[in-house]
Amino acid sequence: RFIARPCAINLGIQDSGPHRAQPNAILEKVFTSITKSPDGKRLEGLSKQLDWDVRKIQRWFRHRRNQDKPTTLTKFCESMWRFTFYLSIFFYGIRFLWTAPWFWDTRQCWYNYPFQPLTSRLYYYYILELAFYWSLMFSQFTDIKRKDFLIMFVHHLATIGLITFSYMNNMVRVGTLVLCLHDASDFLLEAAKLANYAKYQRLCDAFFMLFGVVFIVTRLGIYPFWILNTTLFESWELIGPYSSWWLFNGLLVTLQVLHVIWSYLIIRTASKALVRGKVSKDDRSDVESSSEEEDVTSNSTKGIVSTSSNGSNRLNGHVAGGQWTGE
């Protein structure tokens, strides 16, 4: 409110949303009480009742759905907040771990386990990360639901579960390595989104490509060969498989599966960017394309309904885990 909003306004980002639908009591009642994406049969009924063309009614519902989406200014402010947090917590983690012996030798994570001291710096690092991911968990239900809602939900559950579980079982040493590794690329994604909202396309593309490289290197390279190696093999060798070993490593492997999925999305977006010359539309947008119904070439009502009344969203917007996240 006091920092991000003035920055956005200085960058020329306006607090204006998509085109608003013209007032219509009948369509508004259907939208709020029945469905936001009417099927073909309902569209035909509304067309006869209002004496409107089916395409016009489809356009009205598209505009009405987009009307409830957050403005670019709102999305910029949220991304700036996340960028600030991710950048700050990453540098805090690096500064803390640089002097930690287990940062250079992962076997130190298991020496004298579970009798390892919990310092105040380590404690605050854990609590800050846990609080932030809980906030993401709650806000996910109030934000616009996206196509990767389930993936993000599983990710937040696994992350919160890992942070809580590792804290309760005093596995905080290896936990700090996991947290810092994940924070390494997140602030780059938020920086790319900020540049995207401010319409600095080249800067946006540069940040996204850098994000993609860091993400793939850390999540598909360092994470399995550094983190999973110590939790699966070094811990087994030094302290043996304890009762909660299977759950702990199960959650870590779940994260690795999500890393593979997101890496695929990043590579696909990057390949499209190379072809088009810029990072543009993706598969997780929250604003529907203005040409959704206009692309229909059939003049018959039946053809129009069957082609474009399925409520499917076109893409215009953001990347999460490799796709523009216009949250």
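## A buried glutamine

Gln116 is buried, with a relative accessible area of 7% (buried means under 20% relative accessible area, exposed over 50%, and partly exposed in between, using a 1.4 Å probe and protein chains only). You'll find Gln116 in the loop between α6 (101–104) and α7 (120–139). Helices here are DSSP runs of H or I with at least four residues, numbered from the N terminus.

What does Gln116 touch? Leaving aside residues up to four places away in sequence, its contacts are Gln108, Cys109, Trp110, Tyr111, Asn170 and Arg173. A contact means heavy atoms within 4.5 Å.

## About the model

This is a predicted model, where local features need pLDDT of at least 70 and side-chain atom pairs count only at pLDDT 80 or more, while totals for chains, interfaces and linings use all residues. Residues are numbered from 1 along each chain as its sequence is written, and side-chain values use heavy atoms, with hydrogens and water left out.

## Salt bridges inside helices

How many salt bridges does the structure hold? There are four, counting a side-chain nitrogen of Lys or Arg within 4 Å of a carboxyl oxygen of Asp or Glu. Side chains of opposite charge can pair when their charged atoms come close.

One of them joins Glu78 and Arg82, at 3.1 Å from N to O. These two sit four residues apart in helix α5 (residues 72–98), so about one helical turn separates Glu78 from Arg82. Arg82 is tucked away as a buried residue, at 9% relative accessibility.

Another pairs Glu190 with Lys193, with the closest N and O atoms 3.0 Å apart. Glu190 and Lys193 are three residues apart in helix α9 (residues 172–197), so again the separation is about one helical turn. Glu190 is buried, with a relative accessible area of 4%, and Lys193 counts as buried too, at 2%.

## A salt bridge across the chain

Arg107 and Glu237 also meet through their side chains in a salt bridge, at 3.3 Å from N to O. This pair links distant parts of the chain: Arg107 is in the loop between α6 and α7, Glu237 is in helix α10 (residues 201–238), and they are 130 residues apart.

Is Glu237 buried or exposed? Glu237 is exposed, with a relative accessible area of 54%, whereas Arg107 counts as partly exposed, at 23%.

## Cysteines without disulfides

A search of the whole structure turns up zero disulfides, a disulfide being a pair of cysteine sulfur atoms within 2.5 Å. As for individual cysteines, Cys180 is buried at 6% relative accessible area, and Cys204 is buried at 0%.
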